[in-house]
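Please open the model in a viewer and keep the selection panel at hand.

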Amino acid sequence: MRTILIAPDIKALITDENHPFGPDSSCRLCGIASDGESGLQLADQVKPAIVVLDLQVPGLDGMDVLYRIRRDHPAAKILILTDNVEFSVIQRAISIGIDGCLKKPVAREDFLASIGLVQIKVKKARELLRQYTLNDTLMDGMTGKLNITEEVQEILRENYGFVIGRPICTMMLYLGDLFEENHEQVKKTLEKAGNQKKHPYSSHIMEIESRKMILLVLFAMEDLEDVRRYFEETVVPILAREVCPGIICGWRKIQNLFHMHTMLEELENQLDWNLMFENGVLITYEKISNLRVAPFNYPKDLENQAKRALVNRQPMVFGECVRAFSSRCRNQLHRPKEIKEACIRFCIEIMKAARNYDFEPETDDLNIFQTIANAVSWDEIDSGLEQMFRRLLSQHAKQNGSSNTMIQKAWRIIHEEYQTDLTLEELARRLYVSKEYLSVQFKKETGKTFRETIRNLRIDKARELLLQTKLKVSQISEIVGYSDTKYMSRVFREIVGVGPAEYRKIH
């Protein structure tokens, strides 16, 4: 067991350099410091299991040295030596955390006996540590099954500096669909944030993969508000700007671990208020309390417009109604619960109208409602509305068979705009479907590709103009959509069998 001594005079303690702690001891002397400052540096270097500290050490106040060692090395066992055994002194040392006390001058026999007792404590702690960790404790707190013995409380205090009855702070970080890609980098950033000394605290990071979240539990804080400001002003902006844009962070103080279960439920609900804040804001209960929210007036007019567009087979108008509804939700500050309820109501009413006009809802339509109900960002709410929009268009396309309205609409646009630079990508965008899907359905319904259809329409129109007008071939080429007359002539010959001029002569 790594052991260090921080004392100005150790001659009475170490009389046998080969066996400084006795022939049967498993303690190993890893360093001696004669003053407080060098003692702290030695502790940081060695990370000892046992520290022997003389409270009358030169250079620094002995109690301050004790406090800093306990703070920075919570698992270390500390045996103090002192010539002042007044009750107030010993009481303060106990409150900081010691594992033994000897009055100076110290006899060698008493020193070895005390080291032996501290050594037993280390062994017991290590045995318990193998069975129970801080992560286990926090998991029990999260599930409301906390049942901790005095021995385990001692282990948590000594090994982690975690005291069950003291306040803790929790930060919930929601990554959503970015979890898989960014969770490791987020954890590294949180670990780095805890390495600084200006805002001291201890912490434990937990992943909640099923909810795409990371939970940071902070404890052993000297100043809770100082630590919160550090995260609010420094850590969260770095996470949102450099590590994981779109991350959502909520903060909550918890009186003690026994309240963790209910407080986490409230903290998760707290994240919903992200809808009312800009990116990179640490969402706290105080910020939410200061918001002035207005009741949400459900836009029945937009619902009716969307229904009419759906019934009249107007996908572009329907899409505009959905986007207008989303925009209306953002115009003012409203309670997230009201916004999500309104969005779900909108979807339900639209789907009712769809059923009245022979749209059969699919079995996984509930996923749309769950997406909206669980949303903590506008992107997720918009995703739910988009799912509804595409689902209805998809159902309509499947049910129309050969009279597919989507293809009818495509035909109408092509006939009206074949002479322009209309592309398959642009047509698909206007029909709210993918280019690939439109290409397959168009060929299936018409027997021709989009490109073949455009070419045929242009050449048919060119044949008509060649026979019914005296326009030059170059003029006709431009009218039907070809800027290059030679290219138009080549296409004309491929389809008709003769060139434009010859075609006019023959007919």
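In what order do the five strands of the open sheet stand? The order is β2-β1-β3-β4-β5, with parallel pairing; strands (E, at least two residues) and helices (H or I, at least four) are DSSP runs numbered from the N terminus, and two strands pair if DSSP finds at least two bridges between them. The model is predicted: local features need pLDDT of at least 70, side-chain atom pairs count only at pLDDT 80 or more, and totals for chains, interfaces and linings use all residues. Residues are numbered from 1 along each chain as its sequence is written, and side-chain values use heavy atoms, without hydrogens and water.

Select β2 (28–33) and β5 (100–103) next: these strands stand at the edges, each with a single partner strand, so one side of each lacks a neighbour in the sheet.

For the last stop, select R71, Y160, G161, S202 and A220, the closest to the centre of the largest pocket among its 34 lining residues. A pocket is an open set of points on a 1 Å grid over the protein atoms alone, where a 1.4 Å probe fits, with protein on both sides within 12 Å along at least five of seven lines; lining residues have an atom within 4 Å of a point. Helix α2 (62–72) gives the most to this lining, with four residues.
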